[in-house]
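User: Could you walk me through this structure, one topic at a time? I am new to it.

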Amino acid sequence: MSKIHVTTTVNGDETEFLCDPRETLLDVLRDRLNLTGAKEGCGTGDCGACSVTIDGRLVCSCLVLGAEAEGKEIATVEGIADGDTLHPLQRKFIEHAALQCGICTPGILVAAKSLLEKNPDPTETEVRYWLAGNLCRCTGYDKIIRAVMDAATEMREAS
Amino acid sequence: MALDDRKSDFTFVGTRPDRPDGLDKVTGRAKFGADAVAPGMLFGAIVRSPHAHARIVKIDTSKAEAMKGVKAVVTRADFATGLTGEFWNVQENVMAGDTALYDGHAVAAVAATSALDARDAAKLIEIEYEVLPHVTDVDKAMAEGAPVIREGAADGSVPEGMHPNVVRYHESGHGDVEKGFAEADLVIEDSFKTEATHQGYIEPHACLASLGADGKGELWCTTQGHWYAQKHCAALLGIETSQLRVTASEIGGGFGGKTTVFIEPVALALSRKANRPVKLVMSRSEVLRATGPTSSTSMDVKIGMKKDGTITAAQGVFRLQGGAFPGAPMEFTAMCAFAPYALENVHQVGYDVIANRPKQAAYRAPGSPMAAFAVESVIDLLCQELGLDPVEVRLKNASKKGTKASYGPRFDDIGLVECLEAARDHPHYSAPLEQGQGRGISCGFWFNHGGETSVSLALSEDGTVQVSVGTPDIGGSRASMALMASETLGIPYENIRVTIADTATLGYNDVSHGSRVTYASGLATIKAAQAAIAEMCKRAAAKWGIPEDAVKWEDGCAVPSGPNAGDFEPLAMADITADMGATGGPISGHFEATPEGAGVSFGVHIVDAQVDPETGKTSIPRYTVIQDAGKAVHPAYVEGQFQGGAAQGIGWALNEEYIYGEDGRLQNAVFLDYRIPVASDLPMIDTVIVEVPNPGHPYGVRGVGETGIVPPLAAIANAVSRAAGVRMHELPMSPPRILAALKADG
Amino acid sequence: MNYHSPASFAEASALAVNADGVTRFLAGGTDVLVQLRADIVTPDTLIDIKKIDGVSDITQNDDGSWTLGVAVTGAEMTEHASLSQDWPGVVEAMDLVGSTQVQGRATLTGNLCNGSPAADSVPAMVAAGVTVTVTGADGSREVAVEDIPTGPGRTSLAKGELVSAVNIPARGANAGDAYLRFIPRTEMDIAVVGVAVSLRLDGDTVADARVSLGAVAPTVLLVQECADAINGSTLDDAALEALAAAASAACNPITDKRGTVEFRTDVAGVLAKRAAKIAYARAKGETVKGDHA
């Protein structure tokens, strides 16, 4: 079976890869581009651990084919920090102990960043519904919600 | 030096520093089970039985082996033979022998040059089955005429005349329950059922294995216990334990479910056959079909109470279905059931029942949440009937220091009364309820555990410290180890690096389970640090020319004491380590033992439930967790354990369940239909940390990981039952079940 | 599996006509990729229709009706203020499908063509009187949404046919719609019961009601008896009870892992009443929040 040649941009870097038509964007990121920050928790779009953005739109990378990345701008958890400066969400997650095992954390950070870009002042309920597709089994979400709200406050005050 | 004195004022312990692995985990750098690669790596896939119970007549691997890119196919024939006991159980679960025992049971596996090729090749393995009758329900599996899962599986504890699917039996208690019931003003006996749930860790099982023809191997895997994995993989593969080096990856949740092996021996077998490294990663559906759910249960509880709330007698029968192998934790269920209460007359019985389901695995306080559901529901019924306050009744009967526990021993210092008083005094308990809401409370108990523990602590020349522990960090334990080390040594938290050592670089460690890590690895870290301090004091004494016992350790410095006090300037740790090579050699401390003083833990939960009477849907507007932590080393992660336990309990109580069809196949093997709570389902979860120090730990620490899942099932059932006006006897309390109960009640 | 990304619907249709084996069209992919991953359906030919011009456009026509491209995502619909103003029930129904992440990909067309009787957007489209343009080898035709699904996982589309546009009628004055579904959690579940109501008011009196039920029969139902129960009424208690009874009576559900026959039948009536009240209030010009926060 012939592979598909794809040219795309990942975290600002132009990237090329070959993929099987059946490979998902998540497979490509992890297995071909060695960007293992996005995790596979379910493979069916139910857990959000593989969250990335495509042209700024939050998606599950397990529900996107690698071939569909052609010409797109992909952003993953590896691109959230600015060099050695963590994004406020990253700092607040550490500060609030908003992660226990950390497996859902990359997806939640990508999703939360996408929320705050769209809605800088979300209510607790808005945060909870926006993140409803990001399963966390460890925390009961309490500290995650607090970290997102606190990061939003800090980002609003800084802007 | 009085190193063993119990400490009560702390500098570092009890603070909330950033966790040492925080940066890796917020940047995507942390390497979890599926994130490792090796040169020449192959990808594995497993073929699983679609039948609940079937004899394997024939396995034809020829088409798969002929496929391009396929490098190895394995079946049970590629594993060691002659195993017995738990090794045999684990092997049989990892790869079926003559018979597939449940839907999802592994039957064969393949390794190929890509993951897609491996999946395609797995479809080419042809297996002929002879389908056998099956049973998945606990009561049906015990009933006359039920299909026998395996003859001879029962041990000697089972009374005569039981069905062969009853494989173990437990009985305990004290006093005379019949006499106690006769003294009661009201006796209530009721029956309860709970469905199996899954631990639901977000990271599927994953490993990377390499095993050569020389019997030497390397295994990278996501596990709660890499020594356990080492021992079991070696046995299942027929190699020497020490020749297999196992490294624990970062672990994406376990909750008990990663305390055993599933795919690791299979990956090793594939690697040995292919002579190349093999990566094997489960899909979510494989996780749900083939890894450790809890037991399902059927329970009868009878409690007698006087009008003043005194419990006169309590009795319970607990039947646990644990899949196709012995091991359902029915003795824990029985022993935990009445542990919160000081009872003169108590009797409990447990049955371990096998059925055509995956082998149960531990899940957070295994067996205890179900017991609490049944027992605390009956107590709530008694409170309702007698018009008594649920907290006051529990306070009246609460176990305390010196109480003879329902399971035998006498309790040392415990914090149940303190938890109940905190519940009574918490604003949540007296807050008004809205229309359609009910409030429930429940106590919960867990033993906690010590276990075999090795820790090594090495000092660097610059006075910093590396601590090697053998218990995988599931929820911030690097931070608590570093806090305890810095507290003991008197040096900053940041000067300590905690590493999870592999099996080749540290002595044996029991699994990260039983809420044992902060207790046992913490104790071991403190003891190892104390050993290093003793050596540093010795070096200082030599330098000063005074006796060793005339040197004490204070705030990170060796200080002359007694008659020599003030004679010399204190020597800071870095001053001692700077020339340690010349003063006697490298300094390190280590600890190897099996601590026995884990200290039991109690908790009390308060929950409000709102039930929609037209649809039976429940929401949880308010939740409070109160639990005795002994001493909270890093309070934020203690709160996180409390909140996580409550959230998992909410899922178990309301929506999570294993749903088997008539055909014995699991109907809901995806997160879409195995419904764990999502962010919008839950309220903020309030926490109260009670600290009644554990006498068995230098800093008073008790494990906190497990008790938090014990009270929720009952607390929510009590809240729902009060909100709906109808008593719920079965979990989950899904909307169809609540609506049906409301309609039956008229 | 062969992957194609044609530039026109005619080309897409031709690819499908000439393909052997199983063909699937890829719009949002939130069902196709799940089925692929779970080994339920591995298409021999996968035709990605997102590179066709205009498939992401939301257009309001001169007569007030709307034309939506087949790749318009749920998120794009929710973000469209005037579409949400006109057809809150349709937009909210689509918004209920899956997570925020799924909303970034999922489409009305995919939700319809997947053929699930529990698809959230389909009852809302049926109640709203939505049609789809179907393009095949012989040109295009317009088909009512309720005529597309023929059973679980099956549609009336012939080989080589695909949906090329979604047509939502003009809302008109004094009208409102609503969709409610029952799920055990607050998010992420498949509907156990779904009910959509669209209606117009003559003064305080309901007219032209359309009521559609999801997840209670092999296909989404358009139930005339439900409409009859409230047409001509002011949605008084008697009319609501008649509506609930008609909704429950129309149910022909199954018991499965998501719900029982009894539960679905009961809750269909409950949700019909609740959805009708919201649609009525909206027709009165009130702003009423739907199922979502």
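User: How do H5(C) and H8(C) run relative to each other?

Analyst: In this predicted model, H5(C) and H8(C) are roughly antiparallel to each other, because their packing angle is about 165 degrees and angles over 145 count as roughly antiparallel, under 35 as roughly parallel, 65 to 115 as roughly perpendicular and the rest as oblique. Helix H5 covers residues 88–95 of chain C and helix H8 residues 121–128, with axes 8 Å apart. Axes are lines fitted to C-alpha atoms, for helices over the stretch in contact, and angles run from 0 to 180 degrees between N-to-C directions. Helices (H or I, at least four residues) and strands (E, at least two) are DSSP runs numbered from the N terminus.

User: Is that crossing left-handed or right-handed?

Analyst: H5(C) passes H8(C) in a left-handed crossing. The term applies if the near helix is turned anticlockwise from the far one by less than a right angle, and right-handed if clockwise.

User: Which residues make the contact?

Analyst: H5(C) contributes Gly89(C), Val90(C), Ala93(C) and Met94(C), while H8(C) contributes residues including Ser121(C), Ala124(C) and Met125(C). Contact here requires C-beta atoms, placed from the backbone, to lie within 7 Å. By class there are 7 nonpolar, 2 polar and no charged residues. Ala, Val, Leu, Ile, Met, Phe, Trp, Tyr, Cys and Pro count as nonpolar, Asp, Glu, Lys and Arg as charged, and the others, Gly among them, as polar.

User: Before we go on, how are residues and chains labelled, and what does the model require?

Analyst: Residues are numbered from 1 along each chain as its sequence is written, and chains are lettered from A and ligands numbered from 1 in the order in which they are written. As this is a predicted model, local features need pLDDT of at least 70 and side-chain atom pairs count only at pLDDT 80 or more, whereas totals for chains, interfaces and linings use all residues.

User: What about chain C as a whole: how many helices and strands?

Analyst: Chain C has 11 helices and 14 strands. Its radius of gyration is 19 Å, close to the 19 Å that the globule rule gives for 293 residues, so chain C is as compact as a globular protein of that length. The radius is taken over C-alpha atoms, and the rule is 2.2 Å times the number of residues to the power 0.38. Along the principal axes, the C-alpha atoms of chain C fill a box of roughly 55 × 45 × 35 Å.

User: Where does chain C touch chain A?

Analyst: On the chain C side, strand E1 (2–4), helix H2 (32–37), strand E3 (45–48) and helix H6 (100–103) each give two or more residues. H2(C) gives the most, with 4 residues. The contact takes 25 residues from chain C and 26 residues from chain A.

User: And how many residues of chain A meet chain B?

Analyst: 45 residues of chain A are in contact with 42 residues of chain B. H2(A) supplies the largest share of the chain A side, 4 residues. That side divides into 22 nonpolar, 12 polar and 11 charged residues.

User: Which strands form the sheet in chain A?

Analyst: An open sheet of 5 strands in chain A has the order E2-E1-E5-E3-E4, with mixed pairing. Strands E2 (13–19) and E4 (57–60) of chain A stand at the edges with a single partner strand each, so one side of each is left without a neighbour in the sheet. The twist averages 40 degrees from one strand to the next. Strand E1 (residues 4–10) of chain A pairs with E2(A) in the antiparallel sense over 7 bridges; strands pair if DSSP finds at least two bridges between them. Thr9(A) stands opposite Glu14(A) in E2(A).

User: Turning to chain B, what is its radius of gyration?

Analyst: Chain B has 27 Å, which agrees with the value near 27 Å for a compact globule with 746 residues. Chain B contains 21 helices and 27 strands, and its C-alpha trace spans about 85 × 75 × 50 Å along its principal axes.

User: How do H15(B) and H16(B) pack?

Analyst: Helix H15 (residues 477–489) and helix H16 (residues 517–544) of chain B pack at about 30 degrees, with axes 9 Å apart. Their crossing is right-handed. The contact has 8 nonpolar, 8 polar and no charged residues.

Methods:
Two residues are in contact if their C-beta atoms, placed from the backbone, lie within 7 Å.
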